[in-house]
Amino acid sequence: MLLALFALVPCIAGAFSLDQLQTQLRAQPIVRGHFIQQKFLRSLPQPLTSRGDFTLAQGKGLLWKLTSPFEQDLRITPQGIAKRDAQGAWQALPQQMGASREVGLFLAVLAGDTHGLQENFDISLAGDAQAWTMTMKPSSALLSQIFEAIVIQGGALVQRIELRETQGDRTVLQLQDVQPAAQLNDEEQRAYAQ
């Protein structure tokens, strides 16, 4: 599972700041796109790759539709993670200890909640509004046991997230064809309502 995002860094006059980035990312309350997620494990010669589609809606959460290597629909909200069963009903997945914190951090990354992540990461931001890179290093003892760093890149919206784990594994999430939307479609509304 992916995790977290931001913290404040000193601003040079005229430089692109975390506050500006947060405003930019929150300007689009609903975004949709495709994803490619690759998990690079030290023990395997090739990465594990999955693909699918997503919808992120501010205040509601993330719909994550895996299409390859198998099909699975997930709904990630501040309340937890649910999976759609064969009959189309959403079933809450059991929460492991600390999972709600991880879910919150993951949603904060995608939604651009810089203020919500300040207590967990030391952050550096480079670039401008059209092309930026944010490098996050854990400042909390718990997260520093898991992550060496999280690197997020984007423009108007987040385009790439790389999670570098302390034991040498890493996950790269590429968000493609990301487009803002004016409103949720009927299927998305039903998914968030259940």
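Trainee: How many bridges join strand 3 to strand 4, and do they run parallel or antiparallel?
Mentor: Five bridges join strand 3 to strand 4, and the two run antiparallel. Strands pair if DSSP finds at least two bridges between them. Helices (H or I, at least four residues) and strands (E, at least two) are DSSP runs, numbered from the N terminus. This is a predicted model, in which local features need pLDDT of at least 70 and side-chain atom pairs count only at pLDDT 80 or more, while totals for chains, interfaces and linings use all residues. Residues are numbered from 1 along each chain as its sequence is written, and side-chain values use heavy atoms, with hydrogens and water left out.

Trainee: What is the bridge partner of Lys 65 in strand 4?
Mentor: The partner of Lys 65 is Asp 73. Strand 3 and strand 4 form a hairpin, with three residues between them.

Trainee: Where is Pro 69 placed, and what kind of peptide bond joins Ser 68 and Pro 69?
Mentor: Pro 69 is in the loop between strand 3 and strand 4. The bond that joins Ser 68 and Pro 69 is cis, with omega at about 10°.

Trainee: And how many bridges join strand 4 to strand 5?
Mentor: Four bridges join strand 4 to strand 5, and these strands also run antiparallel. They form a hairpin with two residues between them. Ile 76 stands opposite Ile 81 in strand 5.

Trainee: Why is strand 4 described as largely enclosed?
Mentor: Five of its six residues are buried, so strand 4 is largely enclosed by the rest of the structure. Buried means under 20% relative accessible area, exposed over 50%, and partly exposed in between (1.4 Å probe, protein chains only).

Trainee: Back to strand 3: is Leu 63 buried or exposed?
Mentor: Leu 63, which lies in strand 3, counts as buried because its relative accessibility is 11%.

Trainee: Which residues does Leu 63 touch, not counting residues up to four places away in sequence?
Mentor: Leu 63 touches Asp 53, Phe 54, Thr 55, Leu 74, Arg 75, Glu 188, Ala 191 and Tyr 192. A contact means heavy atoms within 4.5 Å. Leu 63 and Arg 32 are 31 residues apart in sequence, and their C-alpha atoms are 9.4 Å apart in space.

Trainee: Which residues are buried in helix 4?
Mentor: In helix 4 (residues 186-193), the buried residues are Glu 188, Ala 191 and Tyr 192. Seen down the helix axis, they fall within an arc of 95°, so they line one face of helix 4. That arc is taken from the directions from the helix axis to the C-beta atoms. On the other side of helix 4, Asp 186 and Ala 193 are exposed.

Trainee: Which strands do the buried residues of helix 4 pack against?
Mentor: They pack against strand 1 (30-40), strand 2 (48-57), strand 3 (61-68), strand 4 (72-77), strand 5 (80-84) and strand 6 (90-92).

Trainee: What does a side-chain oxygen of Asn 185 reach at the start of helix 4?
Mentor: The oxygen of Asn 185 comes to within 3.2 Å of the backbone nitrogen of Glu 187.

Trainee: Turning to the nonpolar cores, how many residues has the largest?
Mentor: The largest nonpolar core has 39 residues, and Leu 62, Trp 132 and Ile 161 have the most contacts inside it. Helix 2 (residues 99-111) gives the most to this core, with seven residues. Apart from it lies another core, of nine residues, among them Leu 63, Ala 82, Trp 90 and Ala 181. A nonpolar core is a set of buried Ala, Val, Leu, Ile, Met, Phe, Trp, Tyr and Cys residues joined through side-chain atoms within 4.5 Å.

Trainee: What is Ile 161 in contact with, leaving aside its neighbours within four places in sequence?
Mentor: Ile 161 is in contact with Val 109, Leu 110, Ile 150, Val 151, Ile 152, Thr 171, Val 172 and Leu 173.

Trainee: Finally, how many helices and strands are in the protein chain?
Mentor: The secondary structure comes to four helices and eleven strands. Of the 194 residues in the protein chain, 43% are buried.

Methods
A polar contact is a pair of N or O atoms within 3.5 Å; within protein, one must be able to donate a hydrogen and the other to accept it, and residues adjacent in sequence count only if both atoms are side-chain atoms.
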